[in-house]
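Please keep the sequence and the structure in view while reading.

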Amino acid sequence: MQPTDRRLANAIRALAMDAVEAANSGHPGMPMGMADAATALFTRHLKFDASDPHWPDRDRFILSAGHGSMLLYALLYLTGYERPTLDDIKRFRQLGSPTAGHPENFELPGVEVTTGPLGQGVAMAVGMAIAERHLNAVYGDELVDHRTFVIAGDGDLMEGVNHEAAGLAGNLRLGRLIVLWDDNRITIDGSTELSRNEDVVARHQAAQWHTCECDGLNADDVSRAIEEALADPRPSLIRCRTIIGFGAPNKQGTAATHGAALGKDEVEAAREGLGLEPEEFTVPDDVLTAWRAAGKRGGIEHALWKERLEASARKDEFLARLNGKVSDAWLRPYVERLVADLKPIATRKASEMALEAINAAIPATIGGSADLTGSNNTKTKALEPLTADNYAGRYIYYGIREFGMAAAMNGMALHGGVIPYGGTFLVFTDYARPAIRLSALQNARVIYVMTHDSIGLGEDGPTHQPIEHLQSLRAMPQLDVYRPADAVETAECWALALQSDGPSILALTRQNLTPLRTQAASENMSARGAYRLKAAGSPRKVIILATGSEVEIALAAAEELEEQGIGTDVVSMPCTERFDAQPWDYREDILPDVSNREILRVSIEAGTTFGWERYTGLHGLRIGIDRFGVSAPAKDAYAYFGLTAGKVAGRITDFMKQRGIQ
Ligand SMILES: Cc1ncc(C[n+]2csc(CCOP(=O)(O)OP(=O)(O)O)c2C)c(N)n1
Ligand SMILES: [Mg+2]
């Protein structure tokens, strides 16, 4: 006899309680409250095949309430994914176990995205749903036809990014996005009444979502609501009324179950009340058998999909697209054309020119901007807008939603088959930063086109002029920050970002820059992270390191120094992370390990000097801006902060005199 849905759900409850108890850490409340809803979703609706977590046409499931990670680990184990094993679950939250505190996509296939920072799961799901509709428009129903399901908690829906994500999903009419809201009216501090009285359902309706309600503790009712949601062409919010920690007789319905082990006595009482096996980590045979059958439910659909793929004339192209490798064959011919006709341009414009070549060569790119299209230069001529009426479009008007855009791009990148890039002003990386951090942690190939990268943006003034941004972004692990110095470097940096398996930031100028690289090189010079743009004409006494718009200032200052007999190298450093990864002898050649008395190292960047001692040494000279900017035309702002060739050369010679450097 088939076990009841409640018994299937209770297996989730048991594993969640036991794992949290064993770790003496974790969150039992959410998995226990949503176990019935998850059972309905996984045994009746979700299209998946536990034997192949990478099946491209699987439905995506995102646990936005990542603290409830045991819900997901239990589901993956019960439905028969290779990992986590029961032993992995017994080692919940322990060093080296894939059952990390919060779900991590890089630890377990079946975990689509990394969640835990509340709100971002829903926003990434929006990106997944966009990628699905786009690929469907390109490849048709035979190859791409899946849905995106989310479980979200009160916290996910309170976070600001939810408003951005919901607005975007409504505007793009992402009807295959279904969010199950764990409406348990409890967060860590207690009742949601402490902090929320907005009508969450009405808010989603206002954002053009379909909404419905169900008893989240009744699998049949949840299933009915999911059917209703699937039938509606709008994105859906299903309000699941639940009880946090359901089954823990004395603690259920209270914040006490949210994020702590229930305790031995309460677990015993829950076991008895729910009719669970007395032994911990034990799932009855008939229950496990039923779950494993659910894990194979998608097998037939998977096989049919494979047949359609085999029969498709576009099979190779489709698989290559999902594989995600891109060629940089566009780069050489593009740079050759570029150097044949050099003129001063802003790197944001150079980026647009490179994108004309890239978007023609690489159909996987999907561009966009958070309402600064004309300033970020992100839209190339041939790109059509991606809209509710044209999912085949490749340009997204994200609106003024930097965080929502960045999170959606994470979802798109992790869905696969598309390479998202999106723009705003560099200063507003602050608005997108939590998602940039998740791009980095998750190895999501997202390309951030961040223009107006210094005081060089001019008149908009200190609110818009980044100061600490470049260095603070460089401090983030697994993120490459590029600041190209001219049009050739811009193209090189684009090629590197596209070929990366993680995120990149392109910091680009508003103001025009002099072309510095005037010949097509045989290699991508920016790949080294830093390279000698000009070698000292007389014995080397000074090395100037500069990035982006300050490289031309460094070159002009070096010329003045050379006139005084001071041999000066100029090193262009478009990407410090890449330079740090070079072999020792290369780094030694560019920045020899000698005292600053022998060779003075100078850094120039129109931003904070914080951290540049990493390359100049403590006794080197760091030229930058350690205060907020000024509202003035770019030229005047640069002069005001002493960022001119004459002032830089003067500061270097003064510094040498003071320090007694010959
Ligand atoms: C951005 C962010 N802020 C704070 C937290 C810490 N945190 C984890 S869960 C939680 C409460 C979430 O409440 P709810 O979504 O209702 O989850 P439930 O207690 O119902 O399981 C908080 C504040 C977080 N994970 N992410
Ligand atoms: Mg809650």
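## A charged surface patch

Asp265, Glu268, Glu272, Glu279 and Glu280 gather on the surface in a patch of negative charge. Patches are made of residues with over 30% relative accessible area and no salt bridge; like charges are joined within 9 Å, and nonpolar side chains (Val, Leu, Ile, Met, Phe, Trp, Tyr) within 5 Å. Asp and Glu count as negative and Lys and Arg as positive, while His and the chain ends are not counted. The place of a charge is taken as CG of Asp, CD of Glu, NZ of Lys or CZ of Arg. Accessible areas come from the Shrake-Rupley method with a 1.4 Å probe, and for residues only the protein chains shown count as cover.

Asp265 is part of helix H10 (residues 264-274). Helices (H or I, at least four residues) and strands (E, at least two) are DSSP runs, numbered from the N terminus. Asp265 counts as exposed because its relative accessibility is 65%; buried means under 20% relative accessible area, exposed over 50%, and partly exposed in between (1.4 Å probe, protein chains only).

## Basis of the model

The model is predicted: local features need pLDDT of at least 70 and side-chain atom pairs count only at pLDDT 80 or more, whereas totals for chains, interfaces and linings use all residues. Residues are numbered from 1 along each chain as its sequence is written, chains are lettered from A and ligands numbered from 1 in the order in which they are written, and side-chain values use heavy atoms, with hydrogens and water left out.

## The magnesium site

Asp154 (OD), Asn184 (OD1) and Ile186 (O) coordinate the magnesium ion (ligand 2) at 2.1 to 2.2 Å. Donors are N, O and S atoms within 2.8 Å of the metal (3.2 Å for Na, K and Ca); water is not among the atoms, so sites may look incomplete. Along the chain, the donors of the magnesium ion (ligand 2) follow the spacing D-x29-N-x1-I. Asp154 in helix H6 (residues 154-158) and Ile186 in strand E4 (residues 186-187) are 32 residues apart, so this pair links distant parts of the chain. Both Asp154 and Ile186 are buried.

## Backbone exceptions

Most residues other than glycine have a negative phi, and most peptide bonds are trans. The peptide bond from Arg83 to Pro84 is cis, with omega near 0°. Pro84 sits in the loop between helix H3 (69-79) and helix H4 (86-90).

Asn24 has a positive phi, near 50°, and is found in the loop between helix H1 (5-23) and helix H2 (29-45). Arg185, which is not a glycine, has a positive phi of about 60°. Arg185 is in the loop between strand E3 (177-183) and E4, and counts as partly exposed at 37% relative accessibility.

## Salt bridges

A salt bridge is a side-chain nitrogen of Lys or Arg within 4 Å of a carboxyl oxygen of Asp or Glu. By this rule the count comes to 41 salt bridges. Asp57 forms one with Lys47, the closest N and O atoms being 3.0 Å apart. Asp57 and Lys47 are both buried.

Glu132 and Arg176 meet through their side chains in a salt bridge (3.8 Å, N to O). This pair links distant parts of the chain, 44 residues apart: Glu132 is in helix H5 (residues 120-139), and Arg176 is in the loop between helix H7 (160-171) and E3. Glu132 is buried, with a relative accessible area of 1%, whereas Arg176 counts as partly exposed at 26% relative accessibility.
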